[in-house]
Amino acid sequence: MGLKLQQSQHQHQHQHHSVAVKVNEQTGTKRGYTFIQANRAWLPKFLLLWVMVMAFLSTWIYKKMDADIKVRRKEVLSSMCDERARMLQDQFSVSVNHVHALAILISTFHYYKNPSAIDQETFAEYTARTAFERPLLSGVAYAERVVHSERGEFEKQHGWTIKTMQREPSPVRDEYAPVILSQETVSYIESLDMMSGEEDRENILRARATGKAVLTSPFRLLGSHHLGVVLTFPVYKSKLPTRPTVEERIEATAGYLGGAFDVESLVENLLGQLAGKQAILVNVYDITNSSDHLIMYGHQNQDGDLALLYESKLDFGDPFRKHTMICRYQQKAPTSWTALTTAFLFFVICLLVGYILYGAAIHIVKVEDDFHEMQELKVRAEAADVAKSQFLATVSHEIRTPMNGILGMLALLLDTDLSSTQRDYAQTAQVCGKALIALINEVLDRAKIEAGKLEMETVPFDLRSILDDVLSLFSEKSRNKGVELAVFVSDKVPEMVMGDPGRFRQIITNLVGNSVKFTERGHIFVKVHLAENTKPVVDAKVETCLNGGSDGGVPISDAHQFKTLSGYEAADERNSWDSFKHLVSYEESRYDASINMTVPGETSQSVTLMVSVEDTGIGIPLIAQDRVFMPFMQADSSTSRNYGGTGIGLSITKCLVELMGGHISFVSRPQVGSTFTFTADFGRCKKASFNDTKKSNTEDLPSSFRGLKAIVVDRKPVRAAVTRYHLKRLGMLAEVAGSVKIAASACGKNGSSCGSKIQPDIILVEKDLWLSVEDGGLSLRMLDWKQNGQAFKLPKMVLLATNITNVELEKAKAAGFVDTVIMKPMRASMVAACLQQVLGIGNKKQAGKDVQNGSLRSLLCGKKILVVDDNMVNRRVAAGALKKFGAAVECAESGKVALKLLQIPHSFDACFMDIQMPEMDGFEATRQIRMMESQANEQMNGSGIDKGFARKGEWHVPILAMTADVIHATYDECLKCGMDGYVSKPFEEENLYQAVTKFFKV
Amino acid sequence: MDVVNQLQRQFLDYSASLHREGFLDDQFTQLQKLQDENSPDFVVEVASLFFEDCEKLINNMARALEQQQGVDFKQVDASVHQLKGSSSSIGAMRVKNVCIAFRSFCEAQNREGCLRCLQQVTQEYSLLKNKLQTLFRLEQQILAAGGSVPTIE
């Protein structure tokens, strides 16, 4: 009871703990939020910001590109304008130079020659022929300087009067400049006084003062109405001094050469030669008067692109006049589509990128949300699962305790005087209670497996003896039912394997228990061999057909009998004699051949065993076969009514097999039987540890039968093989004979010829064979034998039987069998005991067994045990209990004291250690003790083995944890810190016994 | 002989009632079984050890819980644990059950609950002490009358 309550309380703690873990996990996931998750509210704002930034950026890009284009446009304009200006200027100056040459021509031929070499005719022709030199000039003319005093003479000489521009006779003036020579194109200005026009007069005056070509401001030319300018050049009659003054120039002036430039056609012409004339508009201005620009060329109306103008200076060689050329594009700057498209595309791309990122972020947020939700659900589901398992464990544990009380009380009740009815009731109640306990244990197991709390031990154990034990559990039941129960282990299976004996036993018990439950006739047969061996068996099937006849000694009398253990049909043919025989013989040949060699595969660390449990029971209905391994499932509801059980056993078995690294399967045929087969991995024992543990763990089979010979008389080969297997384990040589006759004749023959191969010491005869066939004949034979063979030691006749009646027993005795009948199921130890009785071989072992079977007292008697517990009462109780079993007990109230007491050398045989202690807990104390021991061992090994106090090989005091908390007592933790096991507190006898047997051998 | 018989029956009835009322459990029976000629006073010895232990622990806890603030629940918990161990060893079921509740209050750091439990423990303890003393007195009377103490199955 105490155990239980502490237990539940612990679980309560555990639940608290798990809740705490859950909370931690949740905070943990919160910490795991990503940046995106943390800023989820900002996501749309981020998107908006992004769009705005991108819009701004693309505007900027547009502006930048646009500006670039404008600059380039301006550059193009300026270069075009400059080019035009330069060309215009060049052409102009060429013309001016030519006029200059004409002036020199006139001064040379008109004034220096006397008489003049030029007259109007010559001039006109010359100028006409040289007109190509002056393409820009519409014509040239020469006007002579005539002062008023000379006017009359002049007019007389030329025969015309001087006229004004308006073609009227000139009024009186100081000076005149009548045209005397003119090109044909302008011949209409002959005799006109150039000084009569305001513009011309100014020009003339300026020209003669400077001695250079001068230009008028633009005006409409007389002939063409084009805008034009007049170029005037002075002609001097005498050579001028090197640096003439203005007066000297005026004095020396003889006349003026003039020419009209048709600027409009000039520029038109010029532009026509250049590319891109349509693209730009050109205006030429006279800007001598800076406030009033006079247009020389171009349209005054303001069309074209007024936003962009370029001004180029023009120099026509007249320093007084200033000209300028203004260019502009004919068309307004076109919208720059490139810039616009680029910017727009950029914006669109950025927008898309932004949207994609936004979408991704939203998706991430969603996925993360989902993830967190799932995680939370997972945690909850797991918690629920754990809670379920814990609940199961708790509840079953809680039920178990009162059930123990009920069972105890029932046991007490049955001991009292009861009427038969009352006894019946009580017994029924007890049986039910036991069943309930068994069920609860199973549920607990399952809960443990589900909670992952079930851990497999790895200790060396003897598989064969475990199988024997399990069989002995069911022997009574099977005997009552008349079902044969047998086990066979292949020779190749190692004697000791590493694994969990308890769980292995549980599996076998479950399977055999099931079989026993559902089998009413026939047999249950457990067979173990190496998993690798199954293959050659199958391969060999064909071969055995050929060999079948040669076996001869087995006459098959009943055609309907199957070659199985009992003769009943089994579900899985693989277990029938055809293959089984081969397996046995195969093994034998192998075994014989390699008896002193390493068996192949022994070098590997693990061995896979295949165990099959075959029965000839009712089988599993086909529809139920696929849910056999599901918990709480039975073939149908009637099954539990007829046979009881919950159907949890097989599911546990499956779990256990899987934990052992194996696989379970079955073959079942309704009304024929089922064969469950599972594999399991076990470790091989290393030789060294093998020898150590063998003594402690195995019940040793007596060796006194070694070398004895036996003949097994049995017609069923499988059963014979099983018998032989058990005899072999005892070290006996066994032969199989099909009938007593054969056996007897073998004996007799060997007896007469002295080179006996087999001189049987024992003949084992199956009961059914003896009863059915030989009967009377056998006894005669036996008598005959007895008379003839006095010289030989007669073989003992032993009967093998599943069950036997008294009448039969008497009959057997009469027939010459010894008293002892070997009852099935056979176990090596049981067979040994029977044979000992039969042969009268020393019963030493038997005596030993009693001691071994003795109670705790025999184990603990005289042992010195240290009990470590901080709780005074606990200490006293534990000490009392151990003393009761005869141990010498010493106590320590803390880990430290225990350490002191266990200083090497000490004389303690074991130590019981409380786990929860203040200052130094049980784990820590154990660790330190182990450390101490290993140091001592090292020293000992270093300084030679047989020194002083080396009582045993090594110092290792068994330490057992004492704990109130058995389920959760992490066995692992106990082992980790070097403990050897644990016992529950307060002590339970059985538990204590189990823990202690490991260490104290008899 | 009559007296002895009567005393023996009385003894059995009394211990059965103790079990029935949940003062004692199976563990106490186990203890009684441990008592033999080698250690004739085993149960009494253990019980007195237990009472001493109990008294000490209860005092400790009472002192620790007296503080209005800053109660050292760890220390209280350790004491309760001790008490629980002792009581389960001796089979004092009711004391142990209170201890279990006590521990959960300790864990929750609930001073009110702890005080209530302390009171209960004290009460259970003194009750048990009285009952056991009666039982032991009966035992002694049986022995004095020349009988043997019957074993409880």
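Q: Why are A:E153, A:K156 and A:Q157 of helix 5 of chain A called exposed?
A: In this predicted model, these residues of helix 5 of chain A are exposed.

Q: Which residues of helix 5 of chain A are called buried?
A: They are A:R151, A:F154 and A:E155, in a helix that spans residues 151-158. They cover an arc of only 95 degrees around the axis, so they sit on the same side of helix 5 of chain A.

Q: What covers the buried residues of helix 5 of chain A?
A: The cover includes strand 1 (137-144), strand 2 (146-147), strand 3 (175-176) and strand 4 (179-182) of chain A.

Q: What comes just after helix 5 of chain A?
A: A:G159 does, with a positive phi of about 80 degrees.

Q: In what order do the 5 strands of the open sheet in chain A stand?
A: The order is 21-20-22-23-24, with parallel pairing. Strand 21 (733-737) and strand 24 (821-823) of chain A each have a single partner strand, so they are the edges. From one strand to the next, the twist averages 25 degrees.

Q: How do you know that strand 22 and strand 23 of chain A pair?
A: Pairing needs at least two bridges. Strand 22 (residues 762-766) and strand 23 (residues 796-801) of chain A have 5, so they count as paired, in the parallel sense. A:I763 stands opposite A:M797 in strand 23 of chain A.

Q: Which strands does helix 24 of chain A lie across?
A: Helix 24 (residues 828-839) lies across strand 22, strand 23 and strand 24 of chain A. Helix 24 runs at about 175 degrees to strand 24 of chain A.

Definitions and conventions:
Residues numbered from 1 in each chain as written. Chains lettered and ligands numbered in written order. Predicted model: local features only at pLDDT ≥ 70, side-chain atom pairs only at ≥ 80, totals over all residues. Heavy atoms only, no water. Buried < 20%, exposed > 50% of the residue type's maximum accessible area, 1.4 Å probe, protein only. Helix = DSSP H or I, 4+ residues; strand = E, 2+ residues; numbered from the N terminus. Arc of directions from axis to C-beta. Contact = heavy atoms within 4.5 Å. Axes fitted to C-alpha atoms, helices over the stretch in contact; angles between N-to-C directions.
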